[in-house]
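Dear colleague,

Please find below the structure that I am handing over to you. My findings follow directly after it.

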Amino acid sequence: MTRRRRIIAYVAVVVALGACTRAQLEQQRPTTGAEFILEIFNPQPRSMNVSFTIGGATTTLGAVKANETRRWAIPNQGGDEIRLVANDSTRAQTITKTLDLDKGQVVRWEIRE
């Protein structure tokens, strides 16, 4: 096996193990009711990566491109205060916001300093 193929195989195994671990963690977090709906608009000139912390657990949502709006359903894990973090790919710009979530309502956040 060539060195390149060994590296590709190694990366594939690491990615697969990471996905299994993340799925197991998601299954271990109990949900306690209806989901929260979070809508995020990014007016920044570059894509921003978004994550949130609720009940002590941090979860990555994904990227919101420049001038794009994305919507996520957040499982109710026994708390209604959420800390959002958005940063660019270089982590040179980080924006945080703490919001209260309302069941049955869309909670909107515009990524601004």
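**Overall description**

The protein exposes about 7,600 Å², of which carbon and sulfur atoms supply 50%. Please note that this is a predicted model. The protein has 113 residues, and buried residues make up 28% of them. Its secondary structure consists of 1 helix and 7 strands, arranged along the sequence in the pattern α-β-β-β-β-β-β-β. Among the contacts in the protein with a separation of 6 or more, 59% are accounted for by residues 24 or more positions apart.

**The sheet of four strands**

Four strands form an open sheet, in the order β3-β2-β5-β6 and with antiparallel pairing. Its edge strands, each pairing on one side only, are β3 (57-64) and β6 (94-100). From one strand to the next, the twist averages 20°. As a general point, the strands of a sheet pair through backbone hydrogen bonds, either parallel or antiparallel.

Within this sheet, β2 and strand β5 (residues 81-87) run antiparallel and are joined by 5 bridges.

Is S51 buried or exposed? With a relative accessible area of 16%, S51 is buried, because the cut-off for that class is under 20%. Not counting residues up to four places away in sequence, S51 touches T58, T59, T60, L61, R83, L84 and V85.

The other residue is R83, found in strand β5. R83 has a relative accessibility of 40% and therefore counts as partly exposed. Which residues is R83 in contact with, leaving aside its neighbours within four places in sequence? They are S51, F52, T53, T96, K97 and T98. One of these contacts, T96, is 13 residues from R83 along the chain, and the C-alpha atoms of R83 and T96 are separated by 7.1 Å.

**The sheet of three strands**

An open sheet of 3 strands is also present, with the order β4-β1-β7 and mixed pairing. The edge strands here are β4 (68-74) and β7 (106-110), and each pairs on one side only. The twist from one strand to the next averages 20° in this sheet.

Strand β1 (residues 36-42) and β4 are joined by 7 bridges and run antiparallel. F36, for instance, has I74 as its bridge partner in β4.

In soluble globular proteins, nonpolar side chains tend to be buried together. In this model, the largest nonpolar core has 20 residues, and those with the most contacts inside it are L38, I40, L61, W109 and I111. Which elements give two or more residues to this core? They are β1, β2, β3, β4, β5, β6 and β7. The element that gives the most is β2, with 4 residues.

I111 deserves a separate entry. Apart from residues up to four places away in sequence, I111 touches I40, F41, N42, P43, Q44, M48, V50, A86 and I95. I40, which is among these, is also listed with I111 as one of the residues with the most contacts inside the core. L61, likewise on that list, is among the residues touched by S51.

**Positive phi angles in two loops**

N67 is found in the loop between β3 and β4, and its phi is near 55°, a positive value in a residue other than glycine. The relative accessible area of N67 is 57%, so N67 is exposed.

R91 has its place in the loop between β5 and β6. Although R91 is not a glycine, it has a positive phi of about 60°. Is R91 buried or exposed? R91 is exposed, with a relative accessible area of 62%. The cut-off that applies to both residues is over 50%, which means that N67 and R91 fall in the exposed class.

With kind regards

Technical notes:
Residues are numbered from 1 along each chain as its sequence is written. This is a predicted model: local features need pLDDT of at least 70, side-chain atom pairs count only at pLDDT 80 or more; totals for chains, interfaces and linings use all residues. Side-chain values use heavy atoms; hydrogens and water are left out. Buried means under 20% relative accessible area, exposed over 50%, partly exposed in between (1.4 Å probe, protein chains only). Contact means heavy atoms within 4.5 Å. Two strands pair if DSSP finds at least two bridges between them. Axes are lines fitted to C-alpha atoms, for helices over the stretch in contact, and angles run from 0 to 180 degrees between N-to-C directions. Accessible areas come from the Shrake-Rupley method with a 1.4 Å probe; for residues, only the protein chains shown count as cover. A nonpolar core is a set of buried Ala, Val, Leu, Ile, Met, Phe, Trp, Tyr and Cys residues joined through side-chain atoms within 4.5 Å.
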